[in-house]
Amino acid sequence: MATSASINDSAADAVDQYRLAAAHGRGLAAFCADRGLDLDPIARSVGLDPQVFETLEATVSLDRFARMLEALAALSRDEAFGLKFAERFQLGGTGPFGYAMRSAAGLREQMGFMVRHIGANIDLAAASLEIDGDAARLRWAFPTLLLDTRQLGDFCLILIMRQIRGIMGPNWLAQSAKLTRPRDGAAPMLRRAVCGRIAFGASENLLVVNARDLATRNPDADPILFQMMRDRCEALSSARRGAQDLVMQVRDIALALFEFGPVTADSVAPKLGLSVRSLHRRLAAEGVTFQTVLDETRHALSTRLLTGTDLPLQEISRRVGFAAQSSYTRSAMRWYGRPPSAVRAEARSP
């Protein structure tokens, strides 16, 4: 029978594959010290060595970084912790990606670069820029396996706003925004920092910009630096595409499709631009099968939802991609050696 530790380790292995440039934590120790907090034990409690935050081009677990920010927000009793840290963060501090954003020719080039090369900076489930009439819509989504991205989301949003203001001026505001985070004590600050029209608890993260603003040129544009940093970001992205890249893509697509019905190779392959036969062949070359990836993804998501949320088991069953709760229970018995209700009860025991 699987123990609680092995269950959580299995889920952590899956979610830890999502990475973030470690330099996002640069300056966090001093920021915490100003608030009477010692970053070192808090970072280490989620498995992070704070010394890595001073290392350019290193990466850390996106999930662990998000959990660290949530812990710091709770300990400081400040629901705007991530927002305030972003306001103090040194732009460009994340290395090539940050410097490319600062040196882009204009807002259109900056936002286009961001959605094309975001993988060199942070692993998102999705990022897109759509221009429709007078509106430019920037959308992004965090991986489904991350349960609480409230502070991380605020941190990333304010960094985006500050990069845009480097071109548009310090008083620029978006037209409107939607955030998946719930409304809390940080809402007034977010409205002042982003725009007055923010919908909280939305189904997506969305920033709407006046399309005419995209034509604004960057007063600090540096074409040579931008080209150098863009090339470096492309190299970093290529280096991070290892043997598990296809597996991660299949996992991300499955996570996005679970709630809409059965997930099959027939539904996943077209989203990767592959035939079903090619998908099976390429996964076999990685030493896995489609069904293995699907089962491991369901297992990891089930563990995260059982141990990290209060969702009813029927809802978890649906989110994990089972049409019937009985099918979910049978799979849980295979994964954990006991029913999902027992896994949840054990996770909540002292």
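Predicted model: local features only at pLDDT ≥ 70, side-chain atom pairs only at ≥ 80, totals over all residues.
Student: In what order do the strands of the open sheet come?
Tutor: The order is 3-4-7-5-6, with five strands and mixed pairing. Strands here are DSSP runs of E with at least two residues, helices are runs of H or I with at least four, and both are numbered from the N terminus. Two strands pair if DSSP finds at least two bridges between them.

Student: Which strands stand at the edges?
Tutor: Strand 3 (126-132) and strand 6 (198-199) do; each has a single partner strand, so one side of each is left without a neighbour in the sheet.

Student: How many bridges join strand 5 to strand 6?
Tutor: Two bridges join strand 5 (residues 176-178) to strand 6, and the two strands run parallel. K178 has A199 in strand 6 as its bridge partner.

Student: Now N218: where is its place?
Tutor: N218 is in the loop between strand 7 (205-210) and helix 10 (223-240).

Student: Buried or exposed?
Tutor: N218 is buried, with a relative accessible area of 8%. Buried means under 20% relative accessible area, exposed over 50%, and partly exposed in between, with a 1.4 Å probe and protein chains only.

Student: Which backbone oxygen does its side chain reach?
Tutor: The N218 side chain reaches the backbone oxygen of A104 at 2.8 Å. Leaving aside neighbours within four places in sequence, N218 is in contact (heavy atoms within 4.5 Å) with residues including R102, S103, G166 and I167.

Student: Which residues of helix 6 are buried?
Tutor: They are P96, F97, G98, A100, M101 and S103. Helix 6 (residues 96-103) is thus mostly covered, with six of its eight residues buried.

Student: How do helix 14 and helix 16 cross?
Tutor: The axes of helix 14 (residues 290-308) and helix 16 (residues 325-336) come within 11 Å and cross at roughly 90°. Axes are lines fitted to C-alpha atoms, for helices over the stretch in contact, and angles run from 0 to 180 degrees between N-to-C directions.

Student: Which residues meet there?
Tutor: D295, R298, H299, S302, T303 and L306 in helix 14 meet Y328, R334, W335 and Y336 in helix 16.

Conventions
Residues numbered from 1 in each chain as written. Heavy atoms only, no water. Polar contact = N/O pair within 3.5 Å; in protein donor to acceptor, adjacent residues only side chain to side chain.
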